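Hello,

Here is the structure I promised to pass on. Please open it beside this email, and then read my notes below.

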Amino acid sequence: MKTRYRMSSAFRFAAFADDFTGGSDLASMLASQGISTVLVFGSRPVSLIASLSAQAVVACYKSRSIPAAEAR
């Protein structure tokens with residue numbers, strides 16, 4: 001059985017970046033427009049992300065800097 005998580009009603013946007021630079025650039029742009037943003041590095045449990053009270057979450061991965069077979 002899958003566990004379902006309820007996102008905060010303020011949560012509106014999620015993005016997955018293929019490297020830390022792009023993710024931090026996007027998070028910075030969102031924050032500069034007054035959108036409360038959380039930047040997450042790497043894989044995090046869904047329960048953690050679901051508990052955030054931000055309007056946007058940007059998750060950064062290192063898929064650009066690892067071999068293609070390891071990227072997901």
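Cys 60 is buried, with a relative accessible area of 0%. Buried means under 20% relative accessible area, exposed over 50%, and partly exposed in between (1.4 Å probe, protein chains only). This is a predicted model: local features need pLDDT of at least 70, side-chain atom pairs count only at pLDDT 80 or more, and totals for chains, interfaces and linings use all residues. Residues are numbered from 1 along each chain as its sequence is written, and side-chain values use heavy atoms, with hydrogens and water left out.

Back to Cys 60. This residue sits in strand β3. Strands (E, at least two residues) and helices (H or I, at least four) are DSSP runs, numbered from the N terminus. What does Cys 60 touch, not counting residues up to four places away in sequence? Its contacts (heavy atoms within 4.5 Å) include Ala 17, Phe 20, Gly 23, Leu 39 and Phe 41. Asp 18 is 42 residues away from Cys 60 along the chain, yet their C-alpha atoms are separated by 6.2 Å.

Now the sheet. It is open and has three strands, in the order β1-β3-β2, with parallel pairing. β1 and β2 stand at the edges with a single partner strand each, so one side of each has no neighbour in the sheet. Strands count as paired if DSSP finds at least two bridges between them. β1 and β3 pair over five bridges. In one of them, Phe 13 has Ala 56 of β3 as its partner.

Next, helix α1. Its 13 residues (20-32) should span 18 Å at 1.5 Å a residue, and the end C-alpha atoms are 18 Å apart, which agrees. The expected span is 1.5 Å times one less than the number of residues.

Which residues of α1 are buried? They are Gly 23, Ala 27 and Leu 30. They cover an arc of only 60° around the axis, so they lie on the same side of α1. That arc is taken from the directions from the helix axis to the C-beta atoms. Thr 21, Met 29 and Ser 32, on the other side, are exposed.

What covers the buried residues of α1? The cover includes β1 (13-17), β2 (37-41) and β3 (56-60). Just after α1, Gly 34 takes a positive phi of about 85°.

Best wishes
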